[in-house]
Amino acid sequence: GNLAGLRGAARAAALPGAISGTLWAVGNACSVHASEYLGVALGFPLTQSCIVVNAFWGIFLFGEIPGTPRKLTCGAGIATIIVGASLLALYGK
């Protein structure tokens, strides 16, 4: 078969893939540093609160969650994560 379409798709995806991979690597390095500085019991759960950013991207940028009831449910989960991260930051040590 003809691989011209595959080559074009690979070229189009190379730069966004490299940028997202670089951002992931920097974020991962920062989370390791945070866990070393804060301790694993406190640092790791706090670094996992990045799911809030992912949820906002999914809802507002990509429209992945349709309908108000589902968005409210996701909002409740986001609020729970923020409250938990705040409590860890205040009382974790």
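Leaving aside neighbours within four places in sequence, which residues is Thr-47 in contact with? In this predicted model, local features need pLDDT of at least 70 and side-chain atom pairs count only at pLDDT 80 or more, while totals for chains, interfaces and linings use all residues. Residues are numbered from 1 along each chain as its sequence is written, and side-chain values use heavy atoms, with hydrogens and water left out.

**View 1. Thr-47 and its contacts.** Here Thr-47 touches Ser-31 and Ala-34, once neighbours within four places in sequence are set aside; contact means heavy atoms within 4.5 Å.

**View 2. Thr-47 in helix H2.** Thr-47 sits in helix H2, which covers residues 40–47. A polar atom of the Thr-47 side chain lies 2.8 Å from the backbone oxygen of Phe-44.

View 3. Reading along the sequence gives α-α-α-α, and the tally is four helices and zero strands (DSSP runs, numbered from the N terminus: H or I of at least four residues for helices, E of at least two for strands). The radius of gyration is 18 Å, well over the 12 Å that the globule rule gives for 93 residues, so the chain is more spread out than a compact globule (taken over C-alpha atoms; the rule is 2.2 Å times the number of residues to the power 0.38). Along its principal axes, the C-alpha trace spans about 60 × 40 × 20 Å.

**View 4. Surface and burial.** Buried residues account for 13% of the 93 in the chain, with buried meaning under 20% relative accessible area (1.4 Å probe, protein chains only). The chain exposes about 7,100 Å², and carbon and sulfur atoms supply 71% of that (Shrake-Rupley method, 1.4 Å probe).

Key: Polar contact = N/O pair within 3.5 Å; in protein donor to acceptor, adjacent residues only side chain to side chain. Buried < 20%, exposed > 50% of the residue type's maximum accessible area, 1.4 Å probe, protein only.
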